[in-house]
Amino acid sequence: MKNQIIEILNGIRPEFDFGAETNFISQGMLDSFDLITLVTELDESFKISIDGTDILPENFETVDAIEALLKKNGATE
């Protein structure tokens, strides 16, 4: 699942290394438009629907945070 998340992130912002554990939001790697694109890509790729109340910066700060959000919304590996 982590590799697929990183692939999606690299597709959105190829200029960054999303494999490194860093805060994507505070480091400026993802902005609000990127988050909308990311949510759409994650929904389609994992066949889930991320609830609007879950679209919070802390849920997209790291690959681990994104993975936890996906699992909370029913995604499987």
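Arginine 13 counts as buried, because its relative accessibility is 17% and the cut-off for burial is under 20%. The model that shows this is predicted. Arginine 13 sits in the loop between helix H1 (2-12) and helix H2 (32-46).

**Arginine 13 and its partners**

What does the side chain of arginine 13 do about polar contacts? Another, of 2.6 Å, joins the side chains of arginine 13 and aspartate 34. Leaving out residues up to four places away in sequence, arginine 13 touches Phe18, Gly28, Met29, Leu30, Asp31 and Asp34.

Aspartate 34 belongs to helix H2. Is aspartate 34 buried or exposed? Aspartate 34 counts as buried, because its relative accessibility is 7%. With residues up to four places away set aside, aspartate 34 touches Ile12, Arg13 and Met29.

**Overall form**

The protein has 3 helices and 0 strands. From the N terminus the order is α-α-α. The radius of gyration is 11 Å, close to the 11 Å that the globule rule gives for 77 residues, so the protein is as compact as a globular protein of that length. Along the principal axes, the C-alpha atoms fill a box of roughly 30 × 25 × 20 Å.

Buried residues make up 40% of the 77 residues. The protein exposes about 4300 Å², and carbon and sulfur atoms supply 50% of that area. Take the contacts between residues at least 6 apart in sequence: 53% of them join residues at least 24 apart.

**Helix H1**

Ile5, Ile8, Leu9 and Ile12 are buried in H1. Why do they line one face of the helix? Seen down the axis of H1, the buried residues fall within an arc of 100°, so they line one face. The face turned away from this buried side carries the exposed residues Asn3, Glu7 and Gly11. The buried residues of H1 pack against H2 and helix H3 (63-72).

Isoleucine 8 lies in H1. Isoleucine 8 counts as buried, because its relative accessibility is 11%. Residues up to four places away aside, isoleucine 8 touches Leu38, Glu41, Leu42, Ser45 and Phe46.

Leucine 9 has its own set of contacts. Beyond its neighbours within four places in sequence, leucine 9 is in contact with Phe18, Phe24, Leu30, Leu38, Val63 and Ile66.

Which residues of H3 are buried? They are Val63, Ala65, Ile66, Glu67, Leu69 and Leu70. The buried residues of H3 pack against H1 and H2. After H3 comes glycine 74, whose phi is positive, near 95°.

In soluble globular proteins, nonpolar side chains tend to be buried together. Here the largest nonpolar core holds 22 residues. Leu9, Leu38, Leu42, Phe46, Ile66 and Leu70 touch the most other members of this core. H1, H2 and H3 are the elements that give two or more residues to the core. Which element supplies the largest share? H2 does, with 5 residues.

Aspartate 54 is placed in the loop between H2 and H3. Aspartate 54 is buried, with a relative accessible area of 9%. With neighbours within four places in sequence left aside, aspartate 54 is in contact with Asn59, Phe60, Leu69, Lys72 and Asn73. From aspartate 54 to isoleucine 36 the C-alpha distance is 12 Å, and the two are 18 residues apart in sequence.

**Burial values side by side**

| Residue | Relative accessibility |
|---|---|
| Arginine 13 | 17% |
| Aspartate 34 | 7% |
| Isoleucine 8 | 11% |
| Aspartate 54 | 9% |

Definitions and conventions: Residues numbered from 1 in each chain as written. Predicted model: local features only at pLDDT ≥ 70, side-chain atom pairs only at ≥ 80, totals over all residues. Heavy atoms only, no water. Helix = DSSP H or I, 4+ residues; strand = E, 2+ residues; numbered from the N terminus. Buried < 20%, exposed > 50% of the residue type's maximum accessible area, 1.4 Å probe, protein only. Contact = heavy atoms within 4.5 Å. Arc of directions from axis to C-beta. Rg over C-alpha atoms; globule rule 2.2 N^0.38 Å. Areas by Shrake-Rupley, 256 points an atom, 1.4 Å probe, with all protein chains shown as cover. Polar contact = N/O pair within 3.5 Å; in protein donor to acceptor, adjacent residues only side chain to side chain. Core = buried A, V, L, I, M, F, W, Y, C linked by side-chain atoms within 4.5 Å.
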